[in-house]
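I opened my notebook to get to know this structure step by step. Here is what I looked up.

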Amino acid sequence: MESVRIRPMCEDDLTAAEHASAVTFLAGDRLTRRVNEPEPEPRSAEASRQWIKRMRFFLSIDPGGCWVAEDSGDVVGFAISQNRGPLWYLATYGVLPDRQGKGVGSRLMDAVLAHAQERPGLFSSTVHPAATRRYRLAGFLLYPQMRMVGVVDRSTIPKVSGLHEGRAEDQEWMDRLDHDLRGSGHGPDHTYMRKSLRLVVSRASGRHGYAYIDPDQGRPALLAATDPETAQRLLWEALAASRGPTLVNCITSANHWAVDVGLAARLDIGQEGYLALRGMAEPSPYLASGHFL
């Protein structure tokens with residue numbers, strides 16, 4: 001693949017990178033679809049716009065972590081990572097299906113890992129065998145993830161008290177909580193998420209926690225707490241906001257408190273890829289975000 005060039009991403013690459021992302025992840029979803037699941041649908045126009053908006057944010061905050069693979073002017077792969085203080089995370093990464101297995105992905109990973117330097121890091125990984133092999137060789141431990149799907153049995157939802165709508169001034173203690181759980185605060189990611197997601201918090205002394213809830217899909221997008229009981233109350237609040245089928249994902253074995261809530265709500269449990277970690281412990285009580293980790 002000598003014709004493929006790995007270079008820093010620029011603003012003009014966003015539309016082409018989004019198209020490559022949509023094609024790559026649709027192919028992956030179709031390949032790993034379970035027999036009882038509906039056929040994966042192409043990314044909607046609104047989802048495409050949100051992807052571009054998110055990547056533009058990453059490009060503005062930490063451009064050194066954003067890379068593309070280009071062949072004859074076409075974007076055939078992408079890797080978007082970010083440094084947040086002493087922590088690194090990989091927001092998204094992919095190579096077009098017909099370019100996989102030819103070393104493009106390895107070169108992209110080399111670029112983003114060079115940006116990470118020796119920082120601890122994390123990201124959510126698919127089960128693609130070649131990709132997981134690459135992650136393990138890069139020093140990441142692979143923690144199996146679970147997901148819970150279905151329609152919440154609303155008769156099971158308990159009365160939840162002690163939660164409040166989040167405010168900008170909550171970010172200071174939220175970043176401290178992030179640091180305790182994952183080694184670094186989310187920083188500017190909190191500012192970005194508050195603009196498009198509902199933020200619910202617990203401010204009780206010794207029982208802090210927060211959850212971002214997707215108002216359109218009615219599901220938790222990121223959740224962190226000081227203790228499992230607070231985490232469960234936040235997750236129940238997120239499930240109460242669901243309308244129709246919902247999803248709770250990125251559940252690792254250290255977060256069985258989330259499994260207990262999902263089973264009580266009559267959701268179905270299944271396996272889903274890995275949480276890849278390097279130089280850090282498994283965060284708990286914590287449900288990672290796909291893009292902001």
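I began with the radius of gyration, which is taken over C-alpha atoms; the globule rule is 2.2 Å times the number of residues to the power 0.38. For 293 residues, a compact globule would have a radius near 19 Å, and the protein chain agrees because its own value is 19 Å.

I noted that this is a predicted model, where local features need pLDDT of at least 70, side-chain atom pairs count only at pLDDT 80 or more, and totals for chains, interfaces and linings use all residues. Residues are numbered from 1 along each chain as its sequence is written, and side-chain values use heavy atoms, with hydrogens and water left out.

Next I looked up the secondary structure: the protein chain has eight helices and 13 strands. These are DSSP runs, numbered from the N terminus (helices: H or I, at least four residues; strands: E, at least two).

Then I turned to a sheet. Eight strands form an open sheet with mixed pairing, in the order β1-β2-β3-β4-β5-β12-β6-β11. Its edge strands, β1 (4–8) and β11 (245–251), each pair on one side only; pairing takes at least two DSSP bridges between two strands. I found β1 running antiparallel to β2 (residues 66–71), joined by five bridges. In this pair, Pro-8 stands opposite Trp-67.

Last, I picked one residue. Is Thr-24 buried or exposed? Thr-24 is buried, at a relative accessible area of 10% (buried is under 20%, exposed over 50%, partly exposed in between; 1.4 Å probe, protein chains only). Thr-24 sits in helix α1 (residues 14–32). Leaving out residues up to four places away in sequence, Thr-24 touches Gly-94, Val-95, Leu-96, Pro-97 and Gln-100, a contact being heavy atoms within 4.5 Å.
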